[in-house]
Each structure stands twice: as C-alpha cells, then as structure tokens.
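Subject: the model, and what I found in it

Hi,

Here is the structure I said I would pass on. Have a look at it first, and then read my notes below.

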Amino acid sequence: MDLELSPAHQALQARARAVAEAELRPRAAEHDRLARFPEAQVRALAKAGFLQMLAPTSAGGAGLGSVAYSLVISEIAKACPSSAVTMAVTNMVGDAIAAFGNQTQQDQHIPKLADATYWAGSFALSEPGAGSDAASLKATAIKKGDRYVLNGNKCWITSGDRAGVVLVMAKTDPAAGAKGISAFLVDPNSRGFSVGRHEEKLGLRASSTVTLVLEDVEVPEECRLGPEGIGFKIAMRALDGGRIGIGSQACGVGYGALEAAIAYAAARPDLSGSQSIQWKLADAATTLDAARLLVLRAATKKDLGLPFAREASMAKLFATESANQAALAAMEVLGADGLDPQHPVERALRDVRVTTIYEGTSEIQRLVIARSVLASA
Ligand SMILES: Cc1cc2nc3c(=O)[nH]c(=O)nc-3n(C[C@H](O)[C@H](O)[C@H](O)COP(=O)(O)OP(=O)(O)OC[C@H]3O[C@@H](n4cnc5c(N)ncnc54)[C@H](O)[C@@H]3O)c2cc1C
C-alpha cells in the first residue's frame with residue numbers, strides 16, 4: 001500500500017493550489033458577500049483544465065481520474081468553496097454523459113463543459129418533497145412521437161440558471177417507481193423551461209441555486225441519456241462519484257479553516273500554549289487527515305474500476321462531518337475574531353455547513369453504508 005501521492009499527482013495538486021491562490025482566493029469573499037456567480041473563476045478553472053477532469057479524452061475530457069479530481073477540488077475549495085461546488089457539479093454531469101451518452105451526446109456537450117462555453121452543467125434530481133427519497137420524484141416525461149414532453153419542478157439546482165445543459169431526471173413510466181425514471185439532456189433555451197426562485201443561502205453564496213420549472217418542454221428523443229428506465233441508476237452512479245467530490249470539497253474547506261486557526265494561534269502565545277486550544281487543533285488535524293484518506297481510498301477504487309459506492313458514502317459522511325467540526329473548532333480558536341465576516345474562518349463555517357446535506361445527507365450516507373455492511377453478513 002502506497003500512501004504517497006505520485007509525482008504527477010503532487011504536481012497537479014501544486015498547480016491547483018497556485019490557480020486557487022492566484023485566481024480564486026483574492027475575490028472569493030467579495031463574490032460571497034454579493035452572492036455573485038464567479039464567472040472569472042469559472043474561466044480560470046476552464047483554462048486550467050479542471051472542468052472536465054473525469055470524462056476520458058476520447059469523450060472530450062481530460063481523463064485524469066478521480067484521485068486527481070479529488071486533489072484539485074480540495075485545493076479549489078480551500079480558497080473558494082462556491083467555485084468548488086460549481087466545478088464539482090459540472091464535472092459530475094460530464095462524467096455521467098461520458099459514462100452513459102452516445103458519441104453524439106459526448107461531442108455535443110463535453111467540450112463545451114470543459115472550456116466554459118457553457119458556464120456550467122446542472123444536475124436536476126431534487127424536487128419539493130423528493131430530496132432524500134429521490135425515487136418519489138413527480139416530474140414526468142411523456143413520449144409523443146419522436147419527442148418527450150417534460151413537466152415538473154426541480155428545486156435547489158446548483159448553477160441551474162447558468163447551465164448550458166441540464167441533466168433532468170423525470171418519469172417516463174410514472175407507475176413504475178424508480179424503474180420508471182429516465183434521464184434527459186435538456187437545453188435550457190427550450191420553450192417552457194424557466195428559472196424560478198433563486199435561493200438565499202447561509203453559505204456557498206457565490207454558487208447559484210435555483211428552482212427550475214418545466215412546462216410542456218419538448219425534448220427530442222435523441223436527448224435521452226441511456227435507455228428508458230435507467231435514469232435513477234444514472235443519477236445514483238453520478239451521486240456515488242459526486243460524493244467523492246463533496247468529501248474532497250469538505251476536506252478543502254476544513255483544512256482552510258484549520259490552517260487559518262493554526263496561524264492565528266501561532267501568533268498568540270497565550271493561545272498556542274493553552275492545552276484546550278492545542279487539543280482543538282490536534283483533533284481537527286487528525287480527523288481531517290483521516291477524512292482525506294477515506295476520500296482518496298474511494299477515489300482510488302473508482303479509478304481502478306472497482307465498486308466504490310460504500311467507500312464514497314463513508315468518505316462523504318466522515319469528511320463532511322469532520323470538516324464541520326474542524327471549521328467550528330477553528331472559529332472557537334479565534335474567539336470573537338472568528339465571527340468577523342472579513343475573516344476566512346467565518347465564511348468557511350458557513351460554506352461547509354451544506355456539505356452534510358447535499359448529494360445525500362449524513363443520514364442517507366449511513367443508510368447506504370448500513371445496507372452495504374448488512375448485505376455482506
Ligand atoms: C446548496 C444546495 C445545492 C443543491 N444542489 C442540488 C443539485 O444541484 N441538484 C439536485 O438535484 N439537488 C440539489 N440539492 C438538493 C439536495 O440534494 C437535497 O437538499 C438533499 O438531498 C436533502 O433533501 P431535502 O433537503 O429534501 O431533505 P429531506 O429529504 O426532506 O430530509 C430532511 C431530514 O430528514 C432526514 N431524512 C430523510 N429521509 C430519511 C431517512 N429515510 N432516514 C433517515 N433520515 C432521513 C434527512 O437526513 C434530513 O435530516 C442541493 C441542496 C442544497 C442545500
């Protein structure tokens with residue numbers, strides 16, 4: 001077992017850190033304050049080759065794999081978690097198109113996701129009343145000749161107002177439960193497609209989150225991703241990989257907060273000499289390192305083509321919970337200064353909060369893990 005990163009991965013990590021420090025960090029606080037989509041940052045991520053890292057080169061991606069992707073997301077999240085989630089969902093959509101799309105679909109979308117011709121890709125699964133229980137979604141896609149007519153509401157959709165392509169899950173057979181769900185690559189310029197409410201959020205304020213409204217949206221048959229009835233499988237496979245991304249994002253935010261707290265304590269001998277402060281730093285450093293190892297294990301299994309769903313859920317659960325604790329501990333180390341919106345720890349604590357919720361809450365990760373361990377009994 002080799003716990004050292006390869007020279008290529010180390011170089012990529014260093015490059016991501018340099019991009020994050022030069023292009024993302026300087027304006028992250030301003031974008032957060034103004035709740036402004038980080039256009040310049042997305043362009044910088046495209047230029048660095050970070051928007052389609054997972055899709056293979058044959059499909060127009062960079063084909064760098066999940067370990068590389070995890071390292072980059074963590075570095076980006078350390079500087080600007082909003083940019084990291086925008087990047088993560090765009091990569092996830094391209095990964096799904098590469099895995100389930102035909103050559104035409106790959107050629108049509110992946111290069112545009114990679115070079116930011118599309119500002120983003122969006123993944124539209126959640127609905128009012130169908131978050132954790134996504135299979136109970138109500139959106140429909142009814143076949144009419146050579147097209148489908150889509151109706152329904154999707155909520156909390158990351159970059160939904162910026163996407164060049166939206167991966168929409170809808171029921172082609174409403175009576176068939178999860179097996180009646182199909183996936184569609186929807187052009188947001190289609191008639192009947194509109195953006196509804198823009199969410200005001202505690203954190204990740206520079207990432208846009210919106211409701212999408214589908215009213216008799218006609219989607220050509222050739223825009224269906226994969227065969228009819230496998231949309232839920234496509235969504236779950238995308239989320240398995242996505243959980244590696246969110247675990248990586250959480251690690252990045254947690255390490256960012258911890259580094260700020262270490263710097264603060266190191267400059268104050270009254271704090272760095274206090275055992276209670278030392279223990280907070282020690283616990284955060286230990287759990288974040290353990291989280292990073294879990295994330296990299298899941299990513300390695302994905303890269304090797306091995307089953308990784310259980311490991312991805314374990315990584316997401318532990319990394320997001322640990323990062324929340326680390327950010328809270330960092331704020332406590334800073335005392336009142338930790339509440340100052342000018343300080344990166346304040347933003348880290350707000351930004352990290354959602355990581356235990358989206359792409360499956362911690363409770364849902366525990367369900368996935370429990371089912372898996374019980375199945376192996
Ligand atoms: C900032 C942000 C961005 C998002 N981006 C996207 C996106 O791009 N695309 C998308 O499709 N969705 C997106 N979501 C939605 C997200 O995936 C859901 O919020 C999440 O799946 C939880 O669903 P819910 O909010 O409806 O909570 P609910 O499912 O209503 O859950 C409420 C509570 O009950 C618990 N619970 C529910 N069911 C169970 C159970 N069976 N056992 C134990 N506990 C349970 C949950 O853990 C939670 O604590 C986003 C959400 C946020 C906040």
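Ala327 is in contact with Val253, Gly254, Ala257, Ala348, Leu349 and Val352, leaving aside its neighbours within four places in sequence. By contact I mean that the C-beta atoms of two residues, placed from the backbone, lie within 7 Å. Before going further: this is a predicted model, so local features need pLDDT of at least 70, side-chain atom pairs count only at pLDDT 80 or more, and totals for chains, interfaces and linings use all residues. Residues are numbered from 1 along each chain as its sequence is written.

Back to Ala327, which sits in helix α9 (residues 309-334). Helices (H or I, at least four residues) and strands (E, at least two) are DSSP runs, numbered from the N terminus. Ala327 is buried, since 30 other C-beta atoms lie within 10 Å. The cut-offs there: buried takes 20 or more other C-beta atoms within 10 Å of the residue's own, exposed takes 12 or fewer, and partly exposed is in between, with C-beta atoms placed from the backbone. Ala261 is 66 residues away from Ala327 along the chain, yet their C-alpha atoms are separated by 9.0 Å.

Now the overall picture. The chain has 11 helices and 8 strands. Its radius of gyration is 20 Å, close to the 21 Å that the globule rule gives for 377 residues, so the chain is as compact as a globular protein of that length. (The radius is taken over C-alpha atoms, and the rule is 2.2 Å times the number of residues to the power 0.38.) Along the principal axes, the C-alpha trace spans about 75 × 50 × 40 Å. Of the 377 residues, 54% count as buried. Among contacts with a separation of 6 or more, 76% are between residues 24 or more positions apart.

The chain is divided into domain 1 (7-118), domain 2 (122-229) and domain 3 (232-375), with bounds that come from an automatic or database domain assignment. For domain 2 and domain 3, the C-alpha centres lie 29 Å apart. Where they meet, 14 residues of domain 2 are in contact with 10 residues of domain 3. The side of domain 2 that touches domain 3 has 11 nonpolar, 3 polar and no charged residues. For those classes, Ala, Val, Leu, Ile, Met, Phe, Trp, Tyr, Cys and Pro count as nonpolar, Asp, Glu, Lys and Arg as charged, and the others, Gly among them, as polar.

So where is the ligand? Both domain 2 and domain 3 give residues to the shell around the ligand, so it lies between them. There are 22 residues around the ligand, and Ser126, Gly131, Ser132, Thr361 and Glu363 come nearest; near here means a C-beta atom, placed from the backbone, within 6 Å of the molecule. The elements giving two or more residues to that shell are β1 (120-124), β3 (147-158) and α11 (362-375). By class, the shell has 12 nonpolar, 7 polar and 3 charged residues.

The strands are worth a look too. All 9 of the 9 residues of β4 are buried, so β4 is largely enclosed by the rest of the structure. Pairing needs at least two bridges found by DSSP. Strand β4 (residues 163-171) also pairs with β5, antiparallel, over 6 bridges. Val166 is bridged to Val186 of β5, and Lys171 to Ile181 of β5.

β5 (residues 181-186) is mostly covered itself, with 6 of its 6 residues buried. Ile181, Ala183 and Leu185 are buried on one side, and Ser182, Phe184 and Val186 on the other. Strand β8 (residues 224-225) runs antiparallel to β5 and is joined to it by 2 bridges, with Leu225 as the partner of Ala183.

Ala116 has a phi near 65°, positive in a residue other than glycine. Ala116 is in the loop between α5 (103-114) and β1, and is partly exposed, with 18 other C-beta atoms within 10 Å. Glu359 is not a glycine either, and has a positive phi of about 55°. The loop between α10 (344-353) and α11 holds Glu359, which counts as buried with 30 C-beta neighbours inside 10 Å.

Cheers
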